[in-house]
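Work through the exercises below with the sequence and the model open. Each task is followed by a solution in steps.

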Amino acid sequence: MDIIGMGYLGFESSNLEAWRTYGPEVMGFQIGSSPEADRDSLYFRLDDRRHRLAFHPGKVDRLAYVGWEARGKLEFRAATQKFRDAGVQVTVGDAALCDIRGVKELIRFRDPVGNQHELFYGQKWMPRSFMPGRPHGGFVADARGMGHAVIITPEFPPELESFFTELMGFHYYGAGAGKGKTAFYRAKLNNETSHDIAFGHGPNKAGIQHVGLFVKSLRDVGETYDIVKKRQLPIMMTLGAHAQDPHVSFYHFSPGGFAFEVITELEPWHNDGFELNPEKLSTWGHELVGPILGASVRTPEEVLDEEGLAILERLRQKA
Ligand SMILES: [Fe+2]
């Protein structure tokens, strides 16, 4: 499937007011205008797209959907057919939902461990329209995707890997330096970052662990770090550079309980040409000063919706 990368992320939030100040003041997001049919949700812009992050009112703080971007109409139609041929249950987004997401067309589907995904193309966009919520040099998103997400999954069956690699055409990037079962994947058309999505196996745990967002300069990593420290927001990992990516980043916890990794590239990522097996997570820094799993990672019953839990249950019965 000709997928560029992650186009948008949707969350449910029990505390939209916290996001309304945190988003622009800490992260530099622009508050977008909420669509007519979804006035109660909070939308953030990171670049010239209509939005990249959506927070919908909910009882639980959780990831609601991951929006993958097909290059265009033809690639979207081909991908939809491929899902159907593979027997994946696909729901076609109606005009009202497409309007809310600001896209031409979308489909909704679940991965083998119950996470909700969407595939879309043609999200609304206006050049030079992004106005950061505070002085900020901007995010790197545009045509390469908005960043990456790491999801903790209570089951890690082979079907999960084949769903992303064989069906969705993602590249397998490796297992990283973490202990336990982890896997990193990047979309077929992504040649600029090492991963778009990663899964970590956490028995009886589910939820989003962190979201990685790229900023255009080291200054924006440093200034965000200062703001986080000044506001005494909980930090997960201090400034550092990963062994597997030529990046500088730090991790702190958002009002949603998951961490944001604010990242800048020291040099462009290039395909390594072999599967990396790093001796350790980072070459310097990244001192773990908080929990590795925030409040966003809980039991599946607490985090997943009914359909997600039903998928997990069927998977367990099959095993
Ligand atoms: Fe990351």
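A residue counts as buried under 20% relative accessible area, as exposed over 50%, and as partly exposed in between, with a 1.4 Å probe and protein chains only. The model is a predicted one: local features need pLDDT of at least 70, side-chain atom pairs count only at pLDDT 80 or more, and totals for chains, interfaces and linings use all residues. Residues are numbered from 1 along each chain as its sequence is written, and side-chain values use heavy atoms, with hydrogens and water left out.

**Exercise 1. Describe the iron site.**

Step 1. Identify the donors, which are N, O and S atoms within 2.8 Å of the metal (3.2 Å for Na, K and Ca); water is not among the atoms, so sites may look incomplete. The protein donors of the iron ion are His148 (NE2), His210 (NE2) and Glu261 (OE), at 2.0 to 2.2 Å from it.

Step 2. Write the spacing of the donor residues in sequence: H-x61-H-x50-E.

Step 3. Histidine 210 is buried at a relative accessible area of 7%, and glutamate 261 is buried at 2%.

**Exercise 2. Glutamine 232 and histidine 286 both call for a look at phi. Is each residue buried or exposed?**

Step 1. Read phi for glutamine 232: the angle is near 55°, a positive value in a residue other than glycine.

Step 2. Locate glutamine 232 in the loop between helix H5 (218–230) and strand E14 (235–242). Its relative accessibility is 70%, so glutamine 232 counts as exposed.

Step 3. Turn to histidine 286, which has a positive phi of about 55° although it is not a glycine.

Step 4. Locate histidine 286 in the loop between strand E17 (282–285) and helix H6 (300–303). Its relative accessibility is 6%, so histidine 286 counts as buried.

**Exercise 3. Examine two loop glycines.**

Step 1. Start with glycine 138, in the loop between strand E8 (116–121) and strand E9 (148–153). Glycine 138 counts as buried at 5% relative accessibility.

Step 2. List its contacts. Leaving aside neighbours within four places in sequence, glycine 138 is in contact with Phe130, Val215, Lys216 and Asp220.

Step 3. Continue with glycine 202, in the loop between strand E12 (197–201) and E13. Glycine 202 is buried, with a relative accessible area of 8%.

Step 4. List its contacts too. Not counting residues up to four places away in sequence, glycine 202 touches Ile152, Thr153 and Pro154.

**Exercise 4. Which residues of helix H1 are buried, and what follows the helix?**

Step 1. Helix H1 spans residues 16–27, and its buried residues are Leu16, Trp19, Tyr22, Gly23, Pro24, Val26 and Met27.

Step 2. Glycine 28 follows H1 and has a positive phi, near 80°.

**Exercise 5. Summarise the whole chain.**

Step 1. Count the elements: the secondary structure comes to seven helices and 17 strands.

Step 2. Take the burial: 57% of the 319 residues count as buried.

Step 3. Take the contacts: of those with a separation of 6 or more, 70% come from residues 24 or more positions apart.

Step 4. Take the extent: along the principal axes, the C-alpha atoms fill a box of roughly 50 × 50 × 40 Å.

Note on methods
Helix = DSSP H or I, 4+ residues; strand = E, 2+ residues; numbered from the N terminus. Contact = heavy atoms within 4.5 Å.
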